[in-house]
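Let's take a walk through a protein chain together. Keep the picture open while you read, and look for each part as it comes up.

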Amino acid sequence: PGKDITIEVFNEFIRFKLDEDESACGKTTGLLGDYKTGKTLARDGATELHDFVELGDEWQVLPSEPQLFHRNGHPQFPDKCIRQEHSLEDRKRSLSDEAITFEEADVSCSSVILDPTLVKDCISYVMVGRDLDVVADFLRLNDFHPELLV
């Protein structure tokens, strides 16, 4: 009670922000990752999954779990989640002429962000968005504080 969950969408990114501290969320895991580490873990709590399609399938609601919705829609376990029409790899190939190189994204991100982990996330954000100017949006979506910047 009295806590907020904020969901923002920007380009192809979704941001979930919990207005809560570690005392309430410190042990949470799931589709959004481990609260403390950000690792995307399987239900066993140990296996780290790097494929987000696999992660989605892993965390699909099971029949043995409480119902989250008033109606069951398709797909329901054991059917797999609905896949995008074109994979990210297909899109990367079709957009290769417009692509931002890793090096360009790295220069753009590391020129303003100190934390190497956040630089890595920023690089991914810039490369998917195919726009060097989205670094400011990345910072806004991640509530960066001045002490984290160069």
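Here is a short tour, from the whole chain to some of its parts.

## The whole chain

First, a word of caution: what you're looking at is a predicted model. The protein chain has 6 helices and 2 strands.

How much of the chain is tucked away? Of its 150 residues, 22% are buried. The chain exposes about 11200 Å², and 55% of that comes from carbon and sulfur atoms. Now take the contacts with a separation of 6 or more: 38% of them link residues 24 or more positions apart.

## The largest nonpolar core

In soluble globular proteins, nonpolar side chains tend to be buried together. In this chain, the largest nonpolar core has 14 residues, and the members that touch the most others are Cys-109, Ile-113, Cys-122, Val-126, Val-135 and Phe-138. Three helices each supply at least two residues of this core: α4 (102–110), α5 (116–129) and α6 (135–141). The biggest giver is α5, with 6 residues.

Skip its neighbours within four places in sequence, and Cys-122 is in contact with Cys-109, Ile-113, Val-135 and Phe-138.

## A closer look at α5

Helix α5 has 14 residues and reaches 20 Å from its first C-alpha to its last, close to the 20 Å expected at 1.5 Å a residue. Which residues of α5 are buried? They are Leu-118, Val-119, Cys-122, Ile-123, Tyr-125 and Val-126. Look down the axis of α5 and these buried residues fall within an arc of 165 degrees, so they line one face of the helix.

Now turn to the other side of α5, where Pro-116, Thr-117 and Lys-120 are exposed. Just after the helix ends, you'll find Arg-130, which takes a positive phi of about 55 degrees.

## Asp-57 in α2

Next stop: Asp-57, which sits in helix α2 (residues 52–58). Is Asp-57 buried or exposed? Its relative accessibility is 15%, and the cut-off for buried is under 20%, so Asp-57 counts as buried.

And what does Asp-57 touch? Leaving out its neighbours within four places in sequence, Asp-57 is in contact with Lys-80, Cys-81 and Arg-83.

Definitions and conventions:
Residues are numbered from 1 along each chain as its sequence is written. This is a predicted model: local features need pLDDT of at least 70, side-chain atom pairs count only at pLDDT 80 or more; totals for chains, interfaces and linings use all residues. Side-chain values use heavy atoms; hydrogens and water are left out. A nonpolar core is a set of buried Ala, Val, Leu, Ile, Met, Phe, Trp, Tyr and Cys residues joined through side-chain atoms within 4.5 Å. Buried means under 20% relative accessible area, exposed over 50%, partly exposed in between (1.4 Å probe, protein chains only). Helices (H or I, at least four residues) and strands (E, at least two) are DSSP runs, numbered from the N terminus. Contact means heavy atoms within 4.5 Å. The expected span of a helix is 1.5 Å times one less than its number of residues. The arc is that of the directions from the helix axis to the C-beta atoms. Accessible areas come from the Shrake-Rupley method with a 1.4 Å probe; for residues, only the protein chains shown count as cover.
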